[in-house]
Amino acid sequence: MVILDKINKYYSSGGEKIHVIDNVSAILPDTGLVFILGPSGSGKSTLLNLLGGLDNPDSGDIWIENRKLSSFTKAEKTAYLNSYLGFVFQEYNILKDLSLRENIILALEIQKHSRKEINKRFKEIINAVELNGLEKRKVSQLSGGQKQRIAIARALIKQPKMIIADEPTGNLDSETSKNIFNLFKELSKERLIVIVSHDVESAEIYADQIIHMGMGGEAHEEENN
């Protein structure tokens with residue numbers, strides 16, 4: 001379980017102090033699909049960065065499985081980023097000079113997993129994201145939807161307990177977006193997936209829980225049944 005406890009975050013702009021995240025609290029389940037919604041500038045991505053350990057709150061605590069994220073040692077923080085979390089971004093962040101397979105297995109090669117383990121996980125993952133038969137394709141030969149599936153596969157292959165995704169369908173057409181959200185919904189049966197999005201309609205269809213962010217940095221959560 002992930003708990004956000006009275007989180008506050010400020011930024012300075014032109015001598016002005018801006019309250020980006022204002023006393024936000026939420027409880028996120030071990031599995032399920034959580035959407036963070038709100039207009040541009042409401043602090044959605046900032047909240048995601050805090051949850052992902054890429055930034056620190058100015059006050060309040062983030063609890064990861066009964067431990068404060070702020071109490072993690074450097075080694076524990078690295079393990080949290082590399083193993084516990086998987087990241088999926090709107091711009092994919094995949095390497096254009098590598099093949100589909102090379103992009104997906106790169107994290108495991110860096111972590112020095114055995115070739116047997118890498119091959120096993122890769123086969124499982126490309127089945128899960130429906131990329132079979134495209135293993136040797138270069139990124140330049142793939143569609144936007146296929147590239148996003150690579151990004152999802154790259155996150156999944158680490159077997160994370162939580163995936164965080166920032167506008168993962170922002171560059172995709174409506175039909176491809178629907179397919180990606182269906183995939184996230186299926187994957188969320190076994191892990192927590194947190195998505196930042198402007199897509200209210202998709203959130204109402206797919207989310208188990210929705211966190212609404214306001215322009216003053218405040219937020220409220222709701223179950224979505």
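How many bridges join β1 to β4? Five, and the two strands run antiparallel.

Before you start: this is a predicted model, in which local features need pLDDT of at least 70, side-chain atom pairs count only at pLDDT 80 or more, and totals for chains, interfaces and linings use all residues. Residues are numbered from 1 along each chain as its sequence is written, and side-chain values use heavy atoms, with hydrogens and water left out.

**Stop 1: the sheet**

Select β1, β2, β4 and β5. Helices (H or I, at least four residues) and strands (E, at least two) are DSSP runs, numbered from the N terminus. The four strands make an open sheet in the order β2-β1-β4-β5, with antiparallel pairing. Two strands pair if DSSP finds at least two bridges between them. The edges are β2 (16-28) and β5 (67-68), each pairing on one side only.

Now pick out β1 with β2. Nine bridges join these antiparallel strands. Click Ile3: its bridge partner in β2 is Ile27.

Select Val2, whose bridge partner in β4 is Ile64.

Next, show β4 (residues 59-64) with β5. They pair in the antiparallel sense over two bridges. Ile64 has Arg67 of β5 as its bridge partner. Trp63 has Lys68 of β5. Here too is a hairpin with two residues between the strands, and Glu65 in the turn has a positive phi of about 50°.

**Stop 2: the helix across the sheet**

Helix α1 lies across β1 (2-13), β2 and β4. Its direction is at about 125° to β1. Axes are lines fitted to C-alpha atoms, for helices over the stretch in contact, and angles run from 0 to 180 degrees between N-to-C directions.

**Stop 3**

Select helix α3 (residues 100-110). Which of its residues are buried? Leu100, Asn103, Ile104, Ile105, Ala107 and Leu108 are. Buried means under 20% relative accessible area, exposed over 50%, partly exposed in between (1.4 Å probe, protein chains only). The buried residues pack against α4 (115-128) and α5.

Bring in α4. α3 and α4 pack at an angle of about 130°, with their axes 10 Å apart. They are therefore oblique to each other. Angles under 35 degrees count as roughly parallel, over 145 as roughly antiparallel, 65 to 115 as roughly perpendicular and the rest as oblique.

Show the side chains. From α3, the contact (heavy atoms within 4.5 Å) uses Leu100, Arg101, Ile104, Ile105, Leu108 and Glu109. From α4 come Arg115, Ile118, Asn119, Arg121, Phe122 and Ile126.

**Stop 4: α5 and α6**

Finish with α5 (residues 144-156) and α6 (residues 174-187). Their packing angle is about 15°, and the axes are 10 Å apart. That makes α5 roughly parallel to α6. Which residues of α5 meet α6? Select Gly145, Gln148, Arg149, Ile152 and Leu156. On the α6 side are Thr176, Asn179, Ile180, Leu183, Phe184 and Leu187. By class, this contact has six nonpolar, four polar and one charged residues. Ala, Val, Leu, Ile, Met, Phe, Trp, Tyr, Cys and Pro count as nonpolar, Asp, Glu, Lys and Arg as charged, and the others, Gly among them, as polar.
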